[in-house]
Amino acid sequence: TPGSSPRNLLDLDTFSKSDPVVVLFVQVSGSSEWKEFGRTEVIDNTLNPDFVRKFVLDYYFEEKQNLRFDVNCPPWSHSALFGAQDFLGQAFVALGEVIGSQRGRLERPLTGVPGKRCGTILLLAEELSNCRDIVTMQLCANKLDKKDFFGKSDPFLVFYRSNEDGTFTICHKTEVVKNTLNPVWQPFTIPVRALCNGDYDRTVKIDVYDWDRDGSHDFIGEFATSYRELSRAQSQFTVYEVLNPRKKCKKKKYVNSGTVTLLSFSVESEFTFVDYIRGGTQLNFTVAIDFTASNGLPSQPTSLHYASPYQLSAYALALKAVGEIIQDYDSDKLFPAYGFGAKVPPDGKISHQFPLNNNVENPSCAGIEGVLESYLQSLRTVQLYGPTNFAPVINQVAGIAAQVTDGSQYHVLLIITDGVISDMLQTKEAIVTASSLPMSIIIVGVGPAEFEAMEELDGDEVRLSSRGRYAERDIVQFVPFRDYVDDSGNQVLSMARLAKDVLAEIPEQLLSYMKTRDIKPRRADSE
């Protein structure tokens, strides 16, 4: 939910201050068209407005979601009546930049009025809690009614949440405890959403049944509570009377059909990708590009590395598509970039991890533009050769990832290749080792090759293994570039689709690492 607060706006009003409103426009994916999404309230007579109205947007890590904030004076406002111009400035920003900035706060200069300083706009983003809590509870019962002719009862509980229209929906069943009137059920876990739809005071109805083999379970009784009431059990036992309305009507001396006691109740939050980014987790992006001879001579139009004056190569397009999204989450915007499979000057040695900027001490390039520049420079200086070895560069990034495992750093390695891999065994071993580290690997396959080996590394169908060891988590995402080159020639749209597909799994992969290590997000200072 981005909120906005412009500062030091242009004063358009001769007699008083301006009356600003902020209008949010969202860029339509793959086009240059902007659509109005919503507008704030108008605040009269101020150059430093704090707007209350929020914009609620769906956020997708894997998409470039471009936003434009226009600050205007509406035509009916006090300022406009005195003939003031209605445009106070605008700011362009990607939603990922706001979320990736410190504590979800981003300040941008307003521009667009020639020769004037328009002030700044402060954007704040927070994730709407969609009630991500998960509850674990345990219950037992005492002196339940005896229902079975030959033995005691076989009790189980059924939980229902109430709906807006007064009906009930089943949301949990406990296991059956055989032949007892004093059962103790196993602890169980349920999302708060499922229990009460996030409304803590909504009725939760619990029925107690005696299990019968033929499915005609006997009703013992019921009781009602709410999430709020259940949660009090964190400090005390809560005892509920189990009542059977039919028995209550028939028998004057009826007290109850037993009691159910809530023994324990604890709540845990399911953290999201945004929680970690807001807590300061940095995404570190590393690029590795295939310089093997199978790509073809870069000077030839048939080469996968060939860049015409009118068109970037497939390598450059893939790098740009993925990099431009990831860079929003990397505060220093410095990206280590390597090549592999080439003979490198001055002595023509074959290298599988040479820095594209030719600086062994510091292989980082400034921004995606810097990576592209170094890539094009390397094409002119190295000799394409072979073989295609992935393991060295995977091990290189894994070595860096292994240095900081507290959740503050997460590494994403993008490998762009024509896919004819030579060191499959070593690569599998490297990936299995890397799967326990804070890193993910994206492989984009360019050219016409069959990519069966890449599909195996992807591990979506079958968990990757090496010498009897299985990958701890799935950390590889592979896509063939050719699937995204559409006939219509809308390159912007097809590259947006490529980025979306390769980046879609990163948030889950980051969360799976944090979860297996029990790493909680650091709380943002503002909270």
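Reply: A cavity is a set of points on a 1 Å grid over the protein atoms alone where a 1.4 Å probe fits but cannot get out; grid points are joined across faces, edges and corners, and a volume is the space filled by probe spheres set on the points. The model is predicted, so local features need pLDDT of at least 70 and side-chain atom pairs count only at pLDDT 80 or more, whereas totals for chains, interfaces and linings use all residues. Residues are numbered from 1 along each chain as its sequence is written, and side-chain values use heavy atoms, with hydrogens and water left out.

When the whole structure is searched, one cavity of 30 Å³ or more is found. The lining of the largest cavity (residues with an atom within 4 Å of a point) consists of I431, L457, D458, G459, R463, L464, A471, R473, D474, I475 and V476. By class, six of these are nonpolar, one is polar and four are charged. Here Ala, Val, Leu, Ile, Met, Phe, Trp, Tyr, Cys and Pro count as nonpolar, Asp, Glu, Lys and Arg as charged, and the others, Gly among them, as polar.

The largest pocket (an open set of points with protein on both sides within 12 Å along at least five of seven lines) has a volume of about 740 Å³. Its lining comprises 28 residues, and S29, G30, K64, N66 and A496 lie nearest the centre. This lining divides into 15 nonpolar, seven polar and six charged residues. At least two lining residues come from each of β2 (21–27), β4 (66–72), α7 and α12 (491–503); helices (H or I, at least four residues) and strands (E, at least two) are DSSP runs, numbered from the N terminus.

The backbone also deserves attention. Most residues other than glycine have a negative phi, and most peptide bonds are trans. The bond from P345 to P346 is cis, with omega near 5°, and P346 lies in the loop between β18 (342–344) and β19 (349–351). The bond from G386 to P387 is also cis, with omega near -5°; P387 lies in the loop between β22 (383–384) and α9 (391–401).

K333, although not a glycine, has a positive phi of about 55° and is placed in the loop between α7 and β17. K333 counts as partly exposed because its relative accessibility is 31% (buried is under 20% relative accessible area, exposed over 50%, partly exposed in between, with a 1.4 Å probe and protein chains only).
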